[in-house]
Every structure is written in C-alpha cells, then in structure tokens.
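Welcome! Please take a look at the model shown here, and then walk through the notes below.

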Protein chains: 2
Amino acid sequence: MAKEQRATTDKIESGRRVWLQEVGPRDGLQSEPRTLTFEARAELIERLADTGLPRIQIGSFVNPRRVPQMAATGKMWRCLRKKPGTRYSVLALNSKGLDLALAENIPHVEIYVSASETHSLKNSGSTLTKALKEASRMITTALENGIGVTAGVMCAFGCFYEGPVPIDKVLRIVKELDSNETVEVGLADTPGLADPEEITRVVEQVGKLVAVDRLAVRLHDTRGLGLANLRAALESGVRRFDTSIGGLGGCPFIPGAKGNISTEQTVDALESMGFRTGVDLEGLDTVRAELAQLLGRALPG
Amino acid sequence: MAKEQRATTDKIESGRRVWLQEVGPRDGLQSEPRTLTFEARAELIERLADTGLPRIQIGSFVNPRRVPQMAATGKMWRCLRKKPGTRYSVLALNSKGLDLALAENIPHVEIYVSASETHSLKNSGSTLTKALKEASRMITTALENGIGVTAGVMCAFGCFYEGPVPIDKVLRIVKELDSNETVEVGLADTPGLADPEEITRVVEQVGKLVAVDRLAVRLHDTRGLGLANLRAALESGVRRFDTSIGGLGGCPFIPGAKGNISTEQTVDALESMGFRTGVDLEGLDTVRAELAQLLGRALPG
C-alpha cells in the first residue's frame with residue numbers, strides 16, 4: 001500500500017533531479033557500421049563524463065569477432081581516466097561476461113532479460129525461462145561480490161514480434177530479478193513501440209513492486225514518441241533514464257528499431273520542463289559534433 | 001466561466017475524434033530545394049485526400065519568382081479532382097493573396113499574424129501593428145464573401161529571435177482576429193521551440209477566449225518534442241492539428257527550424273492513444289514513399 005501510494009503520488013511536481021545514463025558508448029557504437037579506434041572510444045567516454053553525465057555505460061563483454069565495436073572492454077576500464085562521482089557500468093549478457101566484469105573490478109553491471117520469448121531467442125539464444133534463471137544467478141553472484149546491479153527487462157512495453165507483452169510477465173521477471181534488492185530496476189522499450197499510455201500503465205504496475213525512484217526507463221525514438229514517453233514516465237515519478245549521444249543505437253535483432261532518445265534533446269527537454277540534470281548541454285553538443293565526424297555521418301543536433 | 005470550464009474539463013477522456021490538416025503541399029513543398037511539376041503537386045494533393053485526411057492546405061498566393069514551388073495556386077484549385085467532404089484551403093499572406101483566393105472561389109483561407117515583432121518583419125515585412133490591421137481587414141472581407149477563415153498566430157509559443165512571447169500579446173491578437181468569430185483559431189509553434197508546459201499554458205489561456213474545440217495547433221519537431229507537445233494539447237482539449245507528410249516543412253526565416261510533426265507519426269500516435277483520425281495509415285505511407293522519390297531525398301517513415 002505504501003509503495004502503491006508512492007508510485008501514484010510522487011508526481012511531476014516532486015523531485016526535480018533527473019539522473020541520466022549515457023549508453024552511446026555501448027548501445028550506440030555497437031550499432032554503427034564504422035568501428036572507432038580504442039583511443040577514440042576512450043576519449044568519447046572521458047569527454048561524456050566531463051559534461052557532467054552521472055552514469056555511463058562503457059561497453060559490454062561480447063565476442064569481438066561478432067561485435068568488433070565492443071572489443072577490449074576490460075582494457076577500456078583499466079585505461080579510462082575516471083571522473084570521481086560518475087557511475088561506470090557494463091552490460092553483462094551472460095555468466096561469462098559477468099566473470100570478466102568481476103575480474104576487471106568493474107563497479108556496476110547491468111543484467112537484462114527480455115519479456116518477449118521471440119526476442120529473447122533472437123537476442124540471447126535462450127528461452128525466457130532459461131535466461132531468467134541465468135540472470136538470477138548472475139545477480140546473486142554480482143551482489144555477493146559487492147558490486148552494483150541494474151536488473152532490467154527488455155521489451156517491457158511490447159515486442160516487435162509478439163505485440164503487447166502481458167503485464168504479469170513483466171511483473172514476474174521484475175519480482176524474480178529484484179528478489180535481493182538490486183540498485184535499480186530497468187524497464188526498456190527495446191523496439192521503441194510504446195506510447196505514453198503504455199508507459200504510464202507499466203510504470204504504475206511495476207511501481208507497486210519497486211519504489212519508482214529505483215526505476216530506470218530506456219526509450220527509443222522509433223515512432224517519434226520518445227520524449228512524449230519520457231514525459232509520461234516523469235509524470236509517473238521516474239527520475240532515471242538511459243539516453244544516447246546523438247540518438248545513436250538500435251537493436252540488431254529488431255527490424256526498423258531506431259536509436260535511443262538523444263542525450264542532448266533529453267537534457268534540453270528536461271531543463272526546459274524545470275528538471276535538473278547536472279549536464280552541460282553545450283559541452284554535449286561539442287562531443288556530438290566531433291563524434292559525427294568520427295562516425296562519418298550526420299547526428300541530429 | 002462556461003468557456004473556462006470547457007477548456008479545463010474537456011480532457012483527454014472526452015472527444016476521441018481528431019481533425020488533421022495536411023500542410024505538406026504548402027508549408028512542406030515550399031521548403032524543398034526541388035520543385036515538383038504542377039502535375040505531381042496536383043497528384044500529391046489528390047492522393048493525400050484519398051487517404052481520408054479531412055483538411056488539406058493546397059498552397060498560397062505568393063510571387064512565383066520568390067517561391068517557385070507555389071506557382072499557379074489558382075490553376076491548382078481549378079484543376080484539382082476534389083474529394084467531397086474534404087476542406088481545401090490556401091494561405092493568404094496579404095490582401096492581394098486574399099483577392100486572388102476570392103477570385104478563384106477558394107472555399108477556405110488561412111490568415112496568420114506573427115506574435116513576434118522580429119519574425120513579423122522578416123516574414124512579412126510588416127510591423128505587428130500593421131500586420132494585425134491588414135489581417136483584420138482581410139478576415140472581415142473573407143467573412144463577408146462567405147468563405148471559411150482560419151485566423152492564426154505564428155510564434156504563439158515563443159520566438160527564435162525574441163525568446164518567450166508574452167501571453168497578453170497572443171491574447172490580444174486572438175481577440176482582434178477572432179472578433180467576428182472565424183471558423184477556427186490557429187496557434188502555431190513556428191520555430192518549434194515550445195515544450196509541453198508552454199503548450200498547456202497558452203492553450204488554457206487562449207481557451208478562455210475561444211472554445212478549445214475551435215483551436216487548431218501547429219507543431220514543429222525542432223527539439224524532438226513534437227509529439228509530446230501534441231499530447232499536451234490533446235490533454236488541454238485541442239482536437240485540430242496541422243501536420244505534414246514525411247515531416248516536411250520549416251520556416252525560411254528561422255534558422256534551424258525543423259519540419260512539422262509528420263502526418264504518419266501523428267496518425268500512428270493518435271490511433272495508438274485511442275483517438276480516431278479517419279486517415280488510412282498504409283495509404284499515407286505509400287504516398288510518403290513516392291514523394292520521397294520525387295523530392296530525391298529520404299523522408300522518415
């Protein structure tokens with residue numbers, strides 16, 4: 001009951017601080033045809049941290065032959081000039097990835113399971129049941145090792161292949177993954193199909209299990225509804241979002257999926273709505289312009 | 001009091017029918033470097049009407065040497081295969097344009113004044129006072145001739161040059177232009193700088209002068225907030241919007257101004273929020289794809 005109240009009364013008028021996690025160096029770069037050099041990637045991460053972004057996803061542990069853009073994530077962590085106060089994380093796709101993250105002393109991992117059976121099979125080769133079991137074990141291991149965990153649900157607001165995702169499925173995954181109280185719970189609109197009503201509905205239901213200030217929402221702009229969905233989530237009390245410089249990103253296993261909501265447009269919109277992000281918008285814009293040159297393509301400004 | 005109540009109680013739950021006006025053939029094409037042939041323009045308008053769009057702005061009367069994309073608007077109206085029930089309109093920039101529209105028996109004209117002094121001078125060469133006086137005279141003439149009028153305010157939500165536009169200025173213009181009760185009152189976010197809070201604020205104030213169901217809002221997606229602003233306007237009771245196929249458009253006198261919110265994304269978003277538009281989304285998509293070929297550039301799908 002107390003939690004239910006929190007989810008519905010912590011409205012847009014309350015906390016004005018919003019925490020953004022920059023996912024461009026991971027979700028963004030892995031979708032780009034051009035692979036940045038190790039040095040360029042490191043510099044990108046360092047300069048993003050310099051703009052005041054409080055959280056940065058620096059990469060993931062995957063087979064570099066399959067995803068060359070994400071090679072040498074352990075070395076990246078060792079070499080990186082770290083900004084005090086910034087939370088750096090990696091995405092751990094499986095137990096092997098988690099072991100590598102632990103071996104490198106990476107302080108925060110993100111562990112996601114897809115609420116869609118079809119997407120789960122395409123993205124991880126696992127059925128939902130199997131993926132959920134492995135993720136649970138990984139989360140327990142990570143927490144035992146004293147590192148921070150974001151436990152998340154992909155396709156939490158619907159699936160390109162399966163259409164609407166039953167809310168009970170999302171709630172069951174959240175319950176299972178968050179049983180040991182992780183740092184935050186992620187809800188990702190992986191294909192970018194959600195509309196504001198769907199965001200409100202899912203956030204308010206999940207908010208009964210997890211305090212809404214522990215929820216992190218990831219939005220994609222596939223339908224042009226990215227910032228409308230951001231606003232709906234804000235109205236439901238969400239204050240943590242994943243965004244990507246220049247709106248980079250997508251999902252290799254979802255046809256037509258567009259990039260994440262862009263960090264610049266999100267910061268601009270949030271500040272204009274009276275929220276504080278702590279991010280230097282001009283600094284971001286400089287990084288975006290230079291990144292566009294490195295990637296050899298225009299990035300919306 | 002009654003009107004005030006209407007503006008604040010006619011919320012998103014009430015009327016589910018939304019009327020879109022397609023402005024691609026006018027605002028859209030005039031921003032394109034490539035000029036369509038007369039036949040291609042006519043076919044575009046006819047095919048847009050076939051998708052069920054209830055209102056289409058077919059052009060404006062301007063000097064064809066200055067805006068070749070808008071040449072022969074009178075001939076366009078005569079030659080067009082008209083769909084019964086569709087409202088066709090032109091933009092009349094000055095008395096001369098209105099006279100031409102009247103001479104061609106065009107059934108509906110749109111007459112806009114900019115709430116920003118600087119933008120007014122750049123866009124029409126007139127001070128606000130002068131432009132307002134001319135627009136008032138034009139509206140009286142149009143109404144006396146028995147044709148429909150949309151009286152509108154450009155930069156109603158802020159100006160690229162002047163920043164925030166005082167609400168009193170917007171209200172004064174609306175009062176003056178609508179003194180003889182026009183068909184509808186337009187509020188345009190010409191530079192695309194508005195955020196949802198600004199939309200709500202202006203609509204609720206103007207809604208005290210004009211029943212909110214007579215308001216037509218035009219949004220541009222400069223900041224990625226287009227559909228978030230659409231939703232804010234819907235929540236304030238607005239049911240009329242200007243949109244543009246493929247998100248075409250902009251303003252030649254505002255640096256960086258992006259196109260209108262796209263008709264396809266708006267229809268998709270509205271239908272998904274439970275509103276009815278009467279527009280065939282698949283048909284629209286076919287028109288968009290063919291238009292992209294004619295214009296020789298990609299249009300977001």
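In this predicted model, helix H8 of chain A (residues 167–177) has the buried residues A:Val170, A:Ile173, A:Val174 and A:Leu177. They cover an arc of only 100 degrees around the axis, which puts them on the same side of H8(A). The arc is that of the directions from the helix axis to the C-beta atoms. A residue is buried if 20 or more other C-beta atoms, placed from the backbone, lie within 10 Å of its own, exposed if 12 or fewer do, and partly exposed in between.

**How to read the model**

- Local features need pLDDT of at least 70 and side-chain atom pairs count only at pLDDT 80 or more, while totals for chains, interfaces and linings use all residues.
- Residues are numbered from 1 along each chain as its sequence is written, and chains are lettered from A and ligands numbered from 1 in the order in which they are written.
- Helices (H or I, at least four residues) and strands (E, at least two) are DSSP runs, numbered from the N terminus.

**More on helix H8 of chain A**

- An α-helix has 3.6 residues a turn, so residues three or four places apart point the same way.
- The exposed residues A:Asp168 and A:Lys175 sit on the face of H8(A) turned away from its buried side.
- What do the buried residues of H8(A) pack against? Their partners in chain A are strand S4 (108–114), helix H7 (128–144), strand S5 (148–154), strand S6 (184–188) and helix H9 (196–206).

**Chain A as a whole**

- Chain A has 12 helices and 8 strands, and 52% of its 301 residues count as buried.
- Its C-alpha trace spans about 50 × 40 × 35 Å along the principal axes.
- A compact globule of 301 residues would have a radius of gyration near 19 Å, and the 18 Å of chain A agrees with that. This radius is taken over C-alpha atoms, and the globule rule is 2.2 Å times the number of residues to the power 0.38.
- Two residues are in contact if their C-beta atoms, placed from the backbone, lie within 7 Å. Among contacts in chain A with a separation of 6 or more, 75% come from residues 24 or more positions apart.
- Is A:Asn105 buried or exposed? A:Asn105 lies in the loop between helix H5 (95–103) and S4 of chain A, and it is exposed, with 11 other C-beta atoms within 10 Å.

**How the two chains meet**

- Chain B can be laid on chain A with an RMSD of 0.0 Å by a turn of 180 degrees and a shift of 0.0 Å along the axis. The two copies are thus related as by a two-fold rotation axis.
- Copies are superposed by least squares on the C-alpha atoms of residues with pLDDT of at least 70 in both.
- In chain B, the C-alpha of B:Ala228 is nearest the axis, 1.9 Å from it.
- How many residues of chain B are in contact with chain A? There are 16, and they touch 16 residues of chain A. Helix H9 (196–206), helix H10 (226–235) and helix H11 (263–272) of chain B each give two or more residues to this side.
- The copies meet through the same surface, because 100% of the interface residues of chain B are also interface residues in chain A.

**A buried glycine in chain B**

- B:Gly28 belongs to helix H2 (residues 24–28) of chain B and counts as buried, with 28 C-beta neighbours inside 10 Å.
- Leaving out residues up to four places away in sequence, B:Gly28 touches B:Val23, B:Ser244, B:Ile245, B:Leu248 and B:Gly249.
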